[in-house]
Amino acid sequence: MRTVSTETEFKNLMDKKQLLLVYFSTLSCSVGEALEPKVEDLVTRRFPKIELIFVDMNALPKVSADYQVFVEPTLLLFADGKESMRKSRHLSLVELEENLNRIYQLLFG
């Protein structure tokens with residue numbers, strides 16, 4: 001999972017990637033730390049065309065605020081720059097996989 005370090009880098013990825021899954025959390029969030037490798041494994045294994053990035057909410061508070069992300073962890077999926085899915089806090093990996101699969105199949109059949 002790639003860590004985004006600037007607002008400009010984030011905006012460039014939003015413009016260039018067809019499917020972008022953004023993992024918002026902080027380095028001090030124990031739930032976020034536990035969930036991160038599981039989400040990364042799921043995306044790598046099942047959805048290789050989805051670009052997965054990490055945004056540290058403490059390092060980039062403006063990006064978090066711009067997308068109204070105030071709890072951690074939060075996952076946002078963008079399809080062609082439009083928010084297509086939002087999952088926050090206690091999320092089910094099974095439900096996440098189902099939601100990602102639905103959107104993935106619509107785009108890539």
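Author: Buried means under 20% relative accessible area, exposed over 50% and partly exposed in between, with a 1.4 Å probe and protein chains only. The model is predicted, so local features need pLDDT of at least 70 and side-chain atom pairs count only at pLDDT 80 or more, while totals for chains, interfaces and linings use all residues. Residues are numbered from 1 along each chain as its sequence is written, and side-chain values use heavy atoms, without hydrogens and water.

Reader: Which residues of H4 are buried?

Author: Leu96, Asn99, Leu100, Ile103 and Tyr104 are buried in H4, a helix being a DSSP run (H or I) of at least four residues, numbered from the N terminus. They cover an arc of only 130° around the axis, and therefore lie on the same side of H4; the arc is that of the directions from the helix axis to the C-beta atoms. The face turned away from this buried side carries the exposed residues Val94, Glu98 and Leu106.

Reader: Why is Tyr67 called partly exposed?

Author: Its relative accessibility is 24%, so Tyr67 counts as partly exposed. Phe78, in contrast, has a relative accessible area of 2% and is therefore buried.

Reader: What makes Tyr67 and Phe78 an aromatic pair that is edge-to-face?

Author: Rings of Phe, Tyr and Trp (its six-membered ring) pair if their centres lie within 6.5 Å; planes under 30 degrees apart count as stacked, over 60 as edge-to-face and the rest as tilted. By this rule there are five aromatic pairs. For Tyr67 and Phe78 the values are 5.4 Å centre to centre and 75° between the planes, hence edge-to-face.

Methods:
Helix = DSSP H or I, 4+ residues; strand = E, 2+ residues; numbered from the N terminus.
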